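The sequence and the structure are shown first, and the description follows.

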Amino acid sequence: MKMLNGIMTQFLLRMKLLCRDRMTVFVFFLAAISFLYGMSDLNREAEERSSIPIGIVNLSDEPMAQELTQRLIQMPSLHVTVGDLDTLMARMEDGYLRCILEIREDYAERIEKGKYKELITVYHQENDNVATVITDIAAGEMMYDVCLARAYAEYEALPPGEKEKYTREQYEAYTEAMRSDVKFDFAFRFSFVDTEGKEQKGTENSLFYRQAVAATAAMLLAMLQLSIMAGVVMEKEQGILRRRRLTALGMAAETVGNLLGAMTGAILLAAIFAACACFGAGKTEVFGAMLWTTLLFSIMMSLIYFICAKILPGLQSYQICGTLLLLVFGACGFCSMVEGVLIDEFPAWFDYVPNCMFLHRVTELLT
Amino acid sequence: MLINDIKRIVQNKRLWAVLLVCLAAVWLLARGMQGDNAEALPEKERVAIGIINHDTSIYSKMITSMYLENGLFTSYVSIELGEADAVYKRFADGELDMYVEIPEDFAVSMESLEHLPVQVVISTRNTAIELMLKNLMESYAGFINAVEVNCVSLYDVMRDSGMSREAARKTNEKISILLIMQALSRDEFFKEVVTEHESFVKLIPFYIHEAVFLLMGFFALLCGVRFQKEHHSGIVRRLNAVGKSSFLILSEKLLFLEGGMILLLLAFKAGMAALGVYIPMSAVVVMSVAGGDLGAIMLTFAACVQKMQNYLLISNMFLLLGAVLGGGIIPYMYLSEHMERVAKCLPNYWFLKAVFAAHAGELPGYPGLLLLLIFAAAAGLLGAAAWVYSRRGGRVYENA
């Protein structure tokens with residue numbers, strides 16, 4: 001009972017210190033609004049922003065080239081900007097585009113004549129493998145036109161008496177009708193299997209972007225805990241804690257009370273993040289689990305910063321250490337997203353970094 | 001005042017240790033990220049794919065060739081054509097990230113329009129690899145569709161034109177092979193132009209510069225902490241009493257911070273040069289100007305806010321929230337248009353823009369006037385902060 005009283009006293013003290021200060025409340029409010037704006041916008045745009053951004057310069061006014069442009073615009077894996085080469089090149093230099101496809105002015109004419117070399121000029125940065133993927137995607141869309149021209153050329157080459165029935169237009173119309181037939185809708189049959197051999201639902205492309213948003217939110221939540229726990233260092237520096245010990249406040253009660261206070265302080269931001277992440281991904285059913293995960297992460301970070309506050313001598317060293325931890329943990333979180341792709345496997349301790357654990361759990365909830 | 005601050009920092013061994021750790025961390029980060037991404041990975045580090053081909057037709061050859069002849073795949077992915085049992089076992093053991101199983105009579109079924117499904121099994125062990133493989137496979141389905149539609153329509157048209165079944169089948173076989181070969185030589189559709197421009201914003205330099213910006217921000221924050229401490233211990237008020245104005249005290253702090261930052265940035269430039277990465281002097285100038293501005297902002301916060309805890313909360317939030325909304329954490333080029341509009345109001349965004357312009361040698365195009373304006377704004381902020389500070393009254397020891 002005495003212990004519970006101690007916890008409540010410390011908790012209420014922490015809450016009063018946070019809530020009675022108008023400046024703190026104002027900053028929290030402002031941070032919450034900015035956080036809400038950022039998180040909702042990032043999650044809302046996740047689908048679009050997960051596509052590969054490319055530019056298309058269409059130098060041809062032939063219908064075939066226009067259709068190719070339209071088909072590429074409609075591809076969900078690409079985010080296409082159409083414009084002139086100079087404008088798009090400037091955007092690629094700024095990092096907004098991964099590559100530019102320039103469709104030559106005689107695109108259709110060359111295909112009809114059976115000349116398939118260099119139909120499209122691809123501008124990309126050195127050593128950018130994404131361009132290879134994009135050219136494969138574009139080639140998939142061009143293949144229909146190329147195959148059509150090639151097959152018609154074969155038809156035209158047939159001996160007289162076997163090729164008169166279909167004009168070019170009729171032939172194209174027939175092939176187009178076949179193309180829209182569902183029977184020709186070839187697709188691979190995908191199955192996704194987890195490490196235990198159980199079949200899973202496939203992951204959405206936007207997950208990668210959502211992970212980046214979660215990694216960012218984790219850094220902001222950690223920053224909040226860093227700021228809240230600074231109060232503990234200051235109380236230690238001013239001798240307040242030592243005096244409070246005289247009132248028989250136990251170490252355990254102080255720790256739990258402070259952690260409860262820090263968790264309560266993080267509830268608003270955690271709820272904003274959980275709501276934006278779950279509603280953005282259309283997974284409203286995991287809102288509770290997401291909120292709990294976010295709060296657990298906040299508690300974990302507040303415990304780490306509480307320990308720092310206890311062992312470090314002063315505010316300045318606490319701030320330096322806290323900032324370094326924040327940046328290192330944040331970087332680990334971001335790196336864990338690309339493990340196995342850009343970076344080979346990380347050492348085992350990586351799994352115990354709070355940001356990586358948080359991101360791992362968020363990924364599980366969103367998939 | 002300046003000499004006093006310099007003496008204090010020179011004698012602070014702990015601070016030097018932390019600074020060395022910070023510099024070493026940035027250097028190691030840069031070194032770790034310096035590796036050439038384009039190099040092929042060693043066999044054991046590549047994404048592993050197994051292919052089980054029960055069909056011996058040209059269609060199935062097309063699917064396997066898409067992997068085996070793709071430069072991206074051969075440098076990043078190890079591909080293994082194997083027997084079903086061996087591939088299943090390797091997949092179950094976690095040695096393969098994906099396998100493709102082409103059924104028997106796949107080509108025959110395509111000709112009769114009864115698509116036997118090509119099974120693609122992807123491991124969900126690594127989300128990034130899973131997404132990459134799924135997207136590539138989806139794009140390859142387009143090739144098969146194009147070839148199939150055109151082969152079947154040509155066959156129908158030929159039959160409809162009165163050609164015998166046998167002759168149409170033979171012609172169709174010939175064109176099938178031609179179209180498949182065309183699909184396999186898809187690279188000839190493209191003319192590649194590799195644009196080598198200094199200003200290309202790549203992710204690794206982007207994050208290195210962002211880390212530098214954040215570190216400068218935290219040094220500026222510590223400078224504000226020092227001012228707050230001096231305020232709470234009554235030093236600032238005593239200096240006011242002997243005729244040193246608040247503006248002078250704040251300016252001294254800014255000058256001290258700026259001097260330290262220039263030294264650190266020069267050390268950073270030298271460290272990067274040792275790694276073979278050239279950082280132009282104009283980029284160092286941009287970084288030091290940004291450091292000065294951050295110092296002015298933090299000192300303004302320190303002067304305007306009474307409590308240390310409030311100062312820490314505001315300055316920390318300003319830095320990190322500024323980095324998030326300013327396109328520093330999720331790069332500004334991946335933000336939505338709305339968010340980018342917000343980013344344009346924050347220093348983080350303009351720092352990144354200016355530093356990459358400096359790398360591209362385009363900074364002289366930005367008039368020097370702009371830099372002066374930034375400095376003037378910083379000085380103006382300090383002036384306003386000093387005014388607020390002097391109007392705030394004499395509460396010093398209380399509410400610290």
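## Contacts and the overall form of chain A

A contact here means heavy atoms within 4.5 Å. By that criterion, 72% of the contacts in chain A with a separation of 6 or more are between residues 24 or more positions apart. The structure described is a predicted model.

Chain A holds 14 helices and 6 strands. Its radius of gyration is 30 Å, well over the 21 Å that the globule rule gives for 367 residues, so chain A is more spread out than a compact globule. The C-alpha trace of chain A spans about 110 × 45 × 40 Å along its principal axes.

Among the 367 residues of chain A, 54% count as buried. The chain exposes about 16500 Å², and 60% of that area is supplied by carbon and sulfur atoms.

## Chain B in outline

Chain B has 400 residues, of which 53% count as buried. Its secondary structure comes to 16 helices and 5 strands. Of the contacts in chain B with a separation of 6 or more, 74% are accounted for by residues 24 or more positions apart.

The accessible surface of chain B comes to about 17300 Å². Carbon and sulfur atoms account for 62% of this surface.

## The nonpolar cores

The largest nonpolar core has 136 residues. Within this core, the residues that touch the most other members are Phe273(A), Tyr318(A), Met216(B) and Met287(B). Helix H9 of chain A, residues 207-237, gives the largest share of this core, with 21 residues.

Which residues surround Phe273(A), leaving aside its neighbours within four places in sequence? Phe273(A) is in contact with Phe35(A), Met39(A), Ala214(A), Ala217(A), Met290(A), Thr294(A), Phe358(A) and Val362(A).

## Two loop residues of chain A

Glu118(A) is placed in the loop between helix H6 (107-112) and strand E4 (120-124) of chain A. Most residues other than glycine have a negative phi. Glu118(A), however, has a positive phi, near 55°. Its relative accessibility is 38%, so Glu118(A) counts as partly exposed.

Gly282(A) has its place in the loop between helix H11 (251-280) and helix H12 (287-311) of chain A. Is Gly282(A) buried or exposed? It counts as exposed, because its relative accessibility of 56% is over the 50% cut-off. The C-alpha atoms of Gly282(A) and Leu366(A) are separated by 8.9 Å, while the two residues are 84 residues apart along the chain.

## Two buried residues of chain B

Ala378(B) lies in helix H16 of chain B, which covers residues 368-391. With a relative accessible area of 4%, which is under the 20% cut-off, Ala378(B) is buried. Not counting residues up to four places away in sequence, Ala378(B) touches Asp293(B) and Ala296(B). Its C-alpha atom and that of Val289(B), 89 residues apart along the chain, are separated by 9.8 Å.

Val355(B) is placed in helix H15 of chain B, residues 347-359. Val355(B) is buried, with a relative accessible area of 0%. Residues up to four places away in sequence aside, Val355(B) touches His209(B), Ala283(B), Val286(B) and Met287(B). Of these, Met287(B) is among the residues that touch the most other members of the largest nonpolar core. The C-alpha atoms of Val355(B) and Leu255(B), 100 residues apart along the chain, are separated by 22 Å.

## A contact between the chains

Leu178(B) belongs to helix H8 of chain B, residues 165-184. What does Leu178(B) touch, not counting residues up to four places away in sequence? It touches Arg150(A) and Glu154(A), both of chain A.

Leu178(B) has a relative accessible area of 27% and is therefore partly exposed. Along chain B, Leu178(B) and Val147(B) are 31 residues apart, and their C-alpha atoms are separated by 9.6 Å.

Note on methods:
Residues numbered from 1 in each chain as written. Chains lettered and ligands numbered in written order. Predicted model: local features only at pLDDT ≥ 70, side-chain atom pairs only at ≥ 80, totals over all residues. Heavy atoms only, no water. Core = buried A, V, L, I, M, F, W, Y, C linked by side-chain atoms within 4.5 Å. Buried < 20%, exposed > 50% of the residue type's maximum accessible area, 1.4 Å probe, protein only. Helix = DSSP H or I, 4+ residues; strand = E, 2+ residues; numbered from the N terminus. Rg over C-alpha atoms; globule rule 2.2 N^0.38 Å. Areas by Shrake-Rupley, 256 points an atom, 1.4 Å probe, with all protein chains shown as cover.
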